[in-house]
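Q: Hey, I'm new to this one. Can you walk me through it?

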Amino acid sequence: MSVHITKVDVAKVAKLARLDMSEADLDRYTEQLAKMLDHFEDIDALDLSGVEPMSQPFPLVNVMRPDVEQPTLDRDEVLAMAPAAEQHRFRVPSILGIDL
Amino acid sequence: MTPRTAVDTAAGVRSGSLRAADVLEEHLARVAAREAEIHAFNLVTQDAARARAADIDRRVAAGEDPGPLAGVTIALKDNLCTRGVPTTCSSRILEGWKPPYDASVVERLAAAGAVFVGKTNLDEFAMGSSTENSAFGPTRNPLDTSRVPGGSSGGSAAAVAADFATVAIGSDTGGSIRQPAALCGVVGVKPTYGAVSRYGLIAFASSLDQIGPFTHTVEDAALLMEVISGHDARDSTSIPQPAMQLRQELGKGVEGLRIGRITDLPAGADPGIMACLDAAFAALEAQGASVVDVQVPAFTYGLTAYYLVAPAEASSNLARYDGVRFGMRVEAPDTNAMYSATRAAGFGDEVKRRIMIGTYALSAGYFDAYYGKALKIRRLIANDFAAAYAKADVLLTPTSPTVAFEFGSKGDNPLAMYLCDTYTIPTNLVGHPAMSVPFGTAELGLPAGVQIMAPTLGEPVMFRVAAALEEAAK
């Protein structure tokens, strides 16, 4: 596959992953990720045509439970562990760039 | 002094000849003497443990049976949720968080009469093979404190090796129970995927993670498996079958069993480690088993497949640490800036590296080249194992290519650390059970572990072989 990851790629990935990074971080991760991707090229030699992908080892499908009410977590106990809560809800900063 | 086993502890406490409170104090005394040096725990829950032990003694005195683990001291890896007790994953991002529920394994162990001594240290979010990646400092190997205990469940392995607790619980995504068990000279089991409920285990890579025990003996491991295995409706990947019965397998011997030697196993294990493996084959042959040669050609590609699949799943699982519902938050003017600042401050270097590689492998344009290919390699490995298990009942390999290594010896090279898991990773990719049993000493007189692998739900035959190896190692 011989993909060469660049600092621009790494900056984009960091943004997608919601990780603030300094220039020095970006340089270091670019170097480390490139080394890893080089190592991963060992699989390029394999003929994988016609091989069915395996996404999990023990396929169970449509795991259902009866549609009956069950106890849930205690709301106050859950909210007490949040960084900020208000009126029984999680409180977050502005989401649209407008502070209402 | 040989540590008291879980089997003996429970028998003693249930019969009234041993007090759970006394057993606990013996362990707490060892913790007081050595924990400052070893750092097996993120938290020692001695007050809660004393209350539980006293309650168990009270129940025995009242004629009740507290259960098959009555008075057995247990250390829990700090990625298992414990209601009201801090659970950190050895990460700053979860510092101070107290889960609002108990993991299913914690409930089952408690119902069986166990006494929880504390929460053990790990590589942050179980990503690592040395426990050097903990945000709260490394754990030291009780057998040689200049060396690592392995990882990621290094604290659990060290807690058992130092006899801070009779047994411990860990999690294994690519070898995180077996490798530290080998490096610390104890027994470690990764059960079949789905055999033990993961409800309340903080997710790293959901198609790979399994919970399992660390013990001094194979019989204790079998007992623990009997308590923690079995269907749980709260985990949708839980196999719908009852708890395993494994102690009944232990005396059956290995007469007539076929033990597979993988002739195309990736090279790189130290000579002393390979000598221990050869001795293990010879010991099983001497007890009536036959050794057969098998090939698993795709084994060698396991490492690459794993380091694409595991980070990809981790990048998704760890998206939940966003400063909204739990853990720390770094304040910022808007949510996107808050997420990015919180995650940058809360996650350590290795966790960020894996989130990055996983996000990259899943991103548009690269998905087929990386993640898609990795899933196909999983299938190749599964096919190769199926062919091998047509000829052999179990397969034996080294657990770790080396004995316990020195702190910092893998330097700043992530790949060097990843190679520690060469022999353990393939079983996670295919969901099979595997366990490490101490078998002899290798380089520098440090313990070597032999890994026994078996097909899906092959725990009964795996434990038979483990018991035979343990007997031969005496």
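Q: How do strand E7 and strand E9 of chain B pair, parallel or antiparallel, and over how many bridges?
A: Strand E7 (residues 258–262) and strand E9 (residues 394–398) of chain B pair in the parallel sense over three bridges. Strands here are DSSP runs of E, at least two residues long, helices are runs of H or I of at least four, and both are numbered from the N terminus. Two strands pair if DSSP finds at least two bridges between them.

Q: Before we go on, where does the model come from and how are things labelled?
A: It's a predicted model: local features need pLDDT of at least 70 and side-chain atom pairs count only at pLDDT 80 or more, while totals for chains, interfaces and linings use all residues. Residues are numbered from 1 along each chain as its sequence is written, and chains are lettered from A and ligands numbered from 1 in the order in which they are written.

Q: Is strand E4 of chain B buried or exposed?
A: Buried: six of the six residues of E4(B) (167–172) are, so the strand is largely enclosed by the rest of the structure. A residue is buried if 20 or more other C-beta atoms, placed from the backbone, lie within 10 Å of its own, exposed if 12 or fewer, and partly exposed in between.

Q: Which way do the E4(B) residues point?
A: B:Val167, B:Ile169 and B:Ser171 point one way, and B:Ala168, B:Gly170 and B:Asp172 the other way. In a regular strand the side chains alternate between the two faces of the sheet.

Q: And which strands does E4(B) bridge to?
A: Strand E2 (residues 73–77) of chain B runs parallel to E4(B), with three bridges. Strand E6 (residues 210–215) of chain B runs antiparallel to E4(B), with five bridges. B:Ile169 is the bridge partner of B:Leu76, and B:Pro213 in E6(B) is a bridge partner of B:Ile169.

Q: Switching topic: what is chain A made of?
A: Chain A has three helices and two strands, running α-α-α-β-β from the N terminus on. Its radius of gyration, taken over C-alpha atoms, is 23 Å, well over the 13 Å the globule rule gives for 100 residues, so chain A is more spread out than a compact globule. That rule is 2.2 Å times the number of residues to the power 0.38. Of the 100 residues of chain A, 16% count as buried.

Q: How many residues of chain B are in contact with chain A?
A: 56 residues of chain B are in contact with 44 residues of chain A. H12(B) gives the largest share of the chain B side, ten residues.

Note on methods: Two residues are in contact if their C-beta atoms, placed from the backbone, lie within 7 Å.
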